[in-house]
Each structure stands twice: as C-alpha cells, then as structure tokens.
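Subject: Structure handover: aromatic rings

Hello,

Here is the structure for you to open. Please keep it in view while you read my notes on its aromatic rings.

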Amino acid sequence: MASQDRRSRRAVVAAGIGTVVEYYDLTVYAYLAVVVSPLFFPSDDPTASLLSSLAVFASAYLMRPIGGIFFGRLGDRFGRKRALLVSVILMGVGTTLMALLPTYAAVGVLAPILLVIARLLQGFSAGGELGGALTYVYEIVGPKRRGLGGSIVALGSNSGFALAAIVVATTSALTSEAQMDSWGWRIPFVAGLPLLVLCLWLRTRIEDSPEFTKTAERRELPKAPLRELLRSQPAQVLQVLGLGIAQNATGYMVLTYIGIHLVREGGYSQTAVTWTAAGVIVFIASCMPLAGILVDRFGSRPVLIAGLLTAATLAYPAMALMTGHGLAVAAIAFAVFALCTPLIQVATAPLFPSLFDTKVRLTGVALGFNLSTVLAGGTAAYIATWLIDRTGNSLSPAYFLIGSSAIGLLTLLTIRRKRRGLGDAGDAADDTPAVPART
C-alpha cells in the first residue's frame, strides 16, 4: 500500500510538473505581447500591432483540437504515459524555435510566418497535455482523492502562468527598454528549457494507470478512439465543451488579459502590472489544493456553481475598480475576482474524465476541452481587446465573462447526478460515468 501511495504521488507530481512546463512555454508569449508586437508586426497603430500579436497567440489554440485528437488516440491506444511524454517534448521544440526567431527587421514578412509556425507547434503539443494529465491523475489516485489530485494538475497549469509572469517581470526589471526589444525578450523562452528536462526525467519514471492497463489486458482498446467516442458518447463531449467555455473564459481572462487591461486601460507600468499579475496568480494557485479538498468533501457540483456565480457576479464591479482607483485597488479587485478560477478549474478536473468510459476517456476530455479553449480560451484576450475597441467601453469584457459563466451553469444542468450524485460529498470519487439528462 505504501509503495502504491509513493507511485501515485510520483505520478501526480510528474503530471503537475508537466503542466507547469506546458503552460509556462505557452504563456510567456502572452506576457511579452506588448514587447513582441512591434518587433514582428510593425505598424503606426499600436492597437493594430497588438491585435495582430494576440491573433498569433490565439492561432496556437486552433491547433489544440487537432493535437487533442492525436494525443487522445495515442493515449487511448498506447497508454497515458506515452502521450504525456510526447506532448512535453514537442512543446520544448516549439519553445526553442520561439527563442531563436528572427524579427521583422531582420527577415521581413518571413518573421511573422515563422512565429505562427512555432506557435502552431506549441498549440498542437498543448492539445494533449491537460487532457492527458487530468485523465492520468483521475485514473491513478484513489477514489477519495480525485479532487485533490486534480487540484495538483490545476496548480501546475496556473504555476506555469505565474512562473511566466515572474520570469518576464524579472527580465524586464534587469534590462533596459532597448535591451528588452533587442534580445531580452528571448530570455524567458530559454529559461523554460531546464524545467523541460526535469519534466522529461520525471515522466520517464512513471507507470501507466491501472485502469488503462486493465482495459488493455482485456483487449478492449478501440482501434479508432475518436470514432468510438462520437458513436457512443457525443453528448459528454458537448458537456465538456460547455463547461470548458466557462472555465477557459474566466481562466484566460485572469491569466492573460487582465494584465494587458491594466496597462492599456489603467495606464499602469508594464513592470508593475506584471509583478501584480504574478502575485495574483501565485495567490490563486495556492488556493488550488484547498479547492481540491472542498471538491472531495462536498462534490464537484456545489463548488463549480460557487465558482461560476462568483465569476458572473463580480466581473463587472471588479473591472470597474481596475481603472481610475490606483494600482493597489486594482490589484485587490483582480485578486478577489480571480478566486473564481480555482473553484471552477478544480471542480471540473475530476468531473471531465468521470463523464467518459476508460477506453475513450483521454480522447473525450481532450477533444471537448480543446474545442472550448479555441472558442473562449486563447481568444479571450483578443475578444476583450476587440470589444473595447468596437464599443469604446473599457468594461465590455465583463459581459463576455457573464455570458460564458451562464453557458457553464446551463451545461451543468444537463449532467444527471449518478449514485450519490454530483452534489454529494463523494461525486469526485464516483468512477461511474455521469450521463446527460434527458430533454
């Protein structure tokens, strides 16, 4: 038993560290958007340059469903371990390319083309990471610890965002503006490589989950996981999509857009905002294990409802306090609103994989979640910036958050309670897939 516990802890750590790597590499670009945009998209209009840069950030997310299908097949056919290893290797390749990219001044239009290619590779890799990590942890931990185990994966992804913000802020503080524009922006990309090596070492030492191993021994692995998924459990994919829209909209607004908002709409300095964002993200990341304990105690449904209602209720007043009241007030408003993210992310961590049969679980989680990321995650910063540009209202992104939260709440209503039910203390431990409610 003790040996099994050690293996489970090692597996959860390996999964969590991997999400740190993936989301650090994927997010560094977002924190450098204001610096990078004129280097790759020179324009007389700063907003046009920034929108072009954010569009490239969003382009990576267009590859995530494709990556999700690829890694879903890899994980459901050949094992969760293999999928987790390949995804982090490809992310490392994409990040190395980002660090070596020539700028527009050096090679002209080829620069943004190469930038898009590197981002697409990163997006393809990320398509398999979170779905693979959530599936693996769900299957490897004990039934009573699925909320806490899922919180480690969520902690890893948010720690990646925080680490990216800290490294970018430190680099900005230690370099002049000219140095940052010349070569300093490359340092954060290079800084992620040692963490990649650590992750690879950890993931080579883990074992496949017992659930997958038993399914393989019974020769129940599907030859075409995607076809089997769409034939047998299409409604569950839509449920992950709906809940994922709410999760991604709230999460990415907190993790990528609000920092941009504080600089452009609040008029605060880039360095001060980056440190503020890093502090807020560290704060919400530290709340992830507590949210996991709440999920294991009370179930996914009440914790998820609390998170979605928090997001919908606080979006408008929080954004109103982020401009014109000083950075201290803006930081407090930012932090209070951000509390919705650990509740939503951790509540969905065991819920997503619980919806699917073992033989198509990774494909189902990855496909549904990555589609939602395309619609409301990687595009969140772009949508928010576009809304303000079109309406002239700096608070208009709040309506995007309110609408996304409403989609999540409506989707939750379609998931029928099973056994003790999604509202009971043990729903995160229930390994019987939930089913869609009849309409």
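Which residue lies over the face of Phe 78? Arg 77 does, at 5.4 Å from the ring centre. Bear in mind that the model is predicted.

Arg 146 lies over its face, at 3.9 Å from the ring centre.

Now the ring pairs. A pair of aromatic rings is described by the distance of the centres and the angle of the planes. The structure holds nine such pairs. One of them joins Tyr 316 and Tyr 399, with 5.9 Å centre to centre and 50 degrees between the planes. That pair is tilted. Tyr 316 sits in helix α17 (residues 300-320) and Tyr 399 in helix α22 (residues 397-413), so the pair ties together parts 83 residues apart in sequence.

Are these two tyrosines buried, exposed or in between? Tyr 316 is partly exposed, with a relative accessible area of 34%. Tyr 399 is also partly exposed, at 49%.

Next, look at Phe 352 and Phe 369. Their ring centres are 6.0 Å apart and their planes stand at 55 degrees, so this pair is tilted. Phe 352 belongs to helix α19 (residues 340-354). Phe 369 belongs to helix α20 (residues 361-376).

Last, find the cluster. Tyr 23, Phe 161 and Tyr 252 form one aromatic cluster.

Best wishes

Methods: Residues are numbered from 1 along each chain as its sequence is written. This is a predicted model: local features need pLDDT of at least 70, side-chain atom pairs count only at pLDDT 80 or more; totals for chains, interfaces and linings use all residues. Side-chain values use heavy atoms; hydrogens and water are left out. Rings of Phe, Tyr and Trp (its six-membered ring) pair if their centres lie within 6.5 Å; planes under 30 degrees apart count as stacked, over 60 as edge-to-face and the rest as tilted. Helices (H or I, at least four residues) and strands (E, at least two) are DSSP runs, numbered from the N terminus. Buried means under 20% relative accessible area, exposed over 50%, partly exposed in between (1.4 Å probe, protein chains only). A charge sits over a ring if NZ of Lys or CZ of Arg is within 6 Å of the ring centre and within 35 degrees of the ring normal.
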